[in-house]
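Welcome! Please take a moment with the sequence and the 3D structure below, and then we can walk through them together.

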Amino acid sequence: MADDTKKAIVQFASDDLFVGITPSGHAQTIETDSARNRAATPMELLLVALGSCTGVDVISILKKQRQHVTDYRIEVSGERRADFPRSYTRLHVKHIVRGRGVSEPAVARAIELSDTKYCSVAATLRGSAEIITSYEVIEDDSE
């Protein structure tokens, strides 16, 4: 049986800053003083993780469906509990797809597949937060 265990390292740097090292060796500065705003906070990184995870899936599926996407953006926002732990209770994921002749049903299906089958971050978060997805398809008139 394969060992799927991954290990990240989070090292205290100084002055409430940490450096996270991913299992693949990439460094990310992490801020714990959100008022100072010198780096991303762990909760901000969670939003980015969800957006990037679903984004990778959706764009891959749309490419396989031969959809002509010229621009793609994911906006992720979250509502948090007032009390500690201040976890997310609801996450909103909006997919904004620009392209030429992009099929809305294809976009909807790609998002559904990501949300229900492929996105590991969404699967991890789903037990503790409601994830609401929406999308917008914009026709690209530029040549």
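Helices (H or I, at least four residues) and strands (E, at least two) are DSSP runs, numbered from the N terminus. This is a predicted model, where local features need pLDDT of at least 70, side-chain atom pairs count only at pLDDT 80 or more, and totals for chains, interfaces and linings use all residues. Residues are numbered from 1 along each chain as its sequence is written, and side-chain values use heavy atoms, with hydrogens and water left out.

**Confidence**
- The protein chain has a mean pLDDT (the predictor's confidence in each residue, from 0 to 100) of 94, and 98% of its residues reach 70 or more.
- Confidence is highest in strand E5 (residues 88-100), at 98, and lowest in strand E1 (residues 9-14), at a mean of 94.

**Serine 114**
- You can find serine 114 in helix H2 (residues 104-118).
- Serine 114 has a relative accessible area of 0%, so it counts as buried (under 20%, with a 1.4 Å probe and protein chains only).
- Apart from neighbours within four places in sequence, serine 114 is in contact (heavy atoms within 4.5 Å) with Thr54, Asp57, Val58 and Cys119.

**Strand pairing**
- Two strands pair if DSSP finds at least two bridges between them.
- Strands E2 (residues 17-21) and E3 (residues 27-31) are antiparallel, with 5 bridges; glycine 20 has glutamine 28 in E3 as its bridge partner.
- The hairpin of E2 and E3 has 5 residues between the strands, and glycine 25 there takes a positive phi near 95°.
- Strand E4 (residues 68-80) pairs with E5 in the antiparallel sense over 12 bridges, and isoleucine 74 has histidine 95 in E5 as its bridge partner.
- E5 also pairs with strand E6 (residues 130-139), in the parallel sense over 10 bridges.

Note on methods: Buried means under 20% relative accessible area, exposed over 50%, partly exposed in between (1.4 Å probe, protein chains only).
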